[in-house]
Amino acid sequence: MGLRFYLCFLALFSTLFISTHGLGQLCLPEEHVALFIFGDSLFDAGNNNYINTISDYQANYEPYGENFFKYSTGRFSDGRIIPDFIAEFAKLPFITPYLHPGYHQYTDGANFASAGAGALAETRQGMVIDLKTQLSYFKNFERLLSKKLDAEAKSLLSRAVYLINIGSNDYIVPFTRNSSIFQSYSQKQYVDMVIGNLTFVIKEIYKEGGRKFGFLNMAPLGCLPLGRALNSGKTNECKHELTDLAKLHNKALSEVLQNLENELNGFRYSIADTYTILSERINNPLKYGFKEGYIACCGIGPYKGINSCGGKRSVKEYELCENASKYVFFDTVHPSEKANQQFAELMWSGTPNVTGPYNLKALFEHK
C-alpha cells in the first residue's frame with residue numbers, strides 16, 4: 001500500500017509540471033468501480049445526438065428531459081433514465097455518452113447505447129449504432145484507456161460493471177414495418193439470432209477483461225402503449241405476438257447466462273425481471289404511486305401509442321399530460337422518470353425473486 005501511495009503521489013506531483021490530459025487520473029482508489037453501458041433507447045443518454053440520423057431516433061427536443069434536466073439531453077424520458085440512477089447509487093457521476101465531444105472522464109466508464117439499436121445489424125441499419133458497433137467503440141475506448149492508465153486499465157476493466165439492454169427493437173421493428181421476416185424464420189429462430197449476437201458481445205467484453213454484467217429481461221412488449229396501438233380495435237388488448245417474442249427471449253437469455261456462468265471463469269451477472277416489474281405497474285398503477293398504466297403521457301392516437309412526442313417525427317401532432325410522474329410511460333415505449341427510478345432501485349437492491357442471482361449492489365461491491 002505504501003508503494004502504491006508513493007507512486008500515486010509521484011503521478012499527482014507530476015501533473016503540477018506536466019500538462020498531459022488524464023495523467024492526474026493515473027491512480028484509482030482500489031474500490032473504484034466503473035460503469036459501461038450498452039443498449040438501446042432505454043439506456044441512451046444522448047449518443048444519437050451526434051450521429052447522422054432522423055428525429056425518430058433522437059430525443060434532443062422538448063418535452064424530453066423537462067422534469068429533471070429542464071432541457072432535452074437526448075434521453076428518452078421526462079428526466080433521468082435507469083443508468084443515471086444506477087450511477088447515482090454507485091456514487092458515480094452520470095455516465096457520459098461516448099460520442100459526446102467533450103467526453104474525457106475515462107475512469108468512470110462510458111455509455112455506448114443508441115436509441116433504436118438492436119442486437120441485429122439489420123435493425124434500423126445506417127440510422128443507429130447497433131450492438132456490435134457499440135462493442136467496437138468499447139474496444140477503441142479500451143485501447144485509449146490502456147494508454148492513459150497503463151497497468152491500471154486491466155484492473156479497472158475487471159472491476160467494472162457492464163450494463164446491457166438490447167433486443168426490443170429487433171422484435172418491434174418487423175411489426176411496425178409490415179416485415180415478412182417471420183415468413184422466413186420461426187419466432188424461435190429469430191430470437192436465437194438476437195440472443196446469438198448478444199452472447200457474442202458478452203464473450204468479447206469478457207475477453208477484454210469484463211467479469212460483472214447487469215441485464216434487464218424483455219418487457220411485455222405487446223402491452224406497451226405502442227403494442228396496444230398496433231392492436232387498436234381490440235379494447236385494452238395487448239399485441240400477443242410481440243409479447244410471445246419477449247417470453248421466448250427471456251427464456252433463452254436466462255439459459256444463456258446460466259451457461260456462461262458455468263463456462264467463463266469469474267463471470268457474474270444480475271438480471272432484473274423487467275417483464276414482471278413492468279407488468280405489475282401496467283396492471284396495478286395505483287399500488288406503485290401511478291395514476292395510469294396503459295396510456296402514455298406524451299404521444300397521440302390510441303393509448304398515445306403513436307410515436308409523435310415532441311412533434312418532430314413523421315406525425316407532428318402530440319398531446320402531453322400535465323404530470324408525467326403519474327404515468328408509467330412517458331411516451332409510446334419509454335418509462336417516465338419515476339418508473340425508471342423504481343426499476344433502478346429493484347435492479348440495485350432487489351431480492352433474488354426480482355433481480356438475481358446477484359443484484360447490482362452486490363456486483364459493485366464484489367472485488
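Residues are numbered from 1 along each chain as its sequence is written. Since the model is predicted, local features need pLDDT of at least 70 and side-chain atom pairs count only at pLDDT 80 or more, while totals for chains, interfaces and linings use all residues; side-chain values use heavy atoms, with hydrogens and water left out.

The sheet comes first. Six strands make up an open, mixed sheet, ordered β2-β1-β3-β4-β5-β8. Strands here are DSSP runs of E with at least two residues, helices are runs of H or I with at least four, and both are numbered from the N terminus; two strands pair if DSSP finds at least two bridges between them. The edges are β2 (109–111) and β8 (355–357), each pairing on one side only. On average, neighbouring strands are turned by 20° against each other, direction ignored. Helix α3 (residues 131–149) packs on this sheet and touches β1 (35–39), β2 and β3 (161–165), its direction making about 155° with that of β1. Contact means heavy atoms within 4.5 Å, and angles run from 0 to 180 degrees between N-to-C directions, with axes fitted to C-alpha atoms (for helices, over the stretch in contact).

Ser270 has Pro357 of β8 as its bridge partner. Pro357 also turns up in a cis peptide bond, the one from Gly356, with omega near -5°. A cis bond is likewise found from Glu62 to Pro63, with omega near 5°; Pro63 sits in the loop between β1 and α2 (82–89).

Now to the helix pair. Helices α5 (residues 168–176) and α9 (residues 240–263) pack at about 160°, their axes 10 Å apart. That angle makes the two roughly antiparallel, a label for angles over 145 degrees. On the α5 side, Tyr171, Ile172 and Phe175 meet Glu241, Leu242, Leu245 and His249 of α9. By class, the contact residues are five nonpolar, one polar and one charged (nonpolar: Ala, Val, Leu, Ile, Met, Phe, Trp, Tyr, Cys and Pro; charged: Asp, Glu, Lys and Arg; polar: the others, Gly among them).

How values were computed. Angles under 35 degrees count as roughly parallel, over 145 as roughly antiparallel, 65 to 115 as roughly perpendicular and the rest as oblique.
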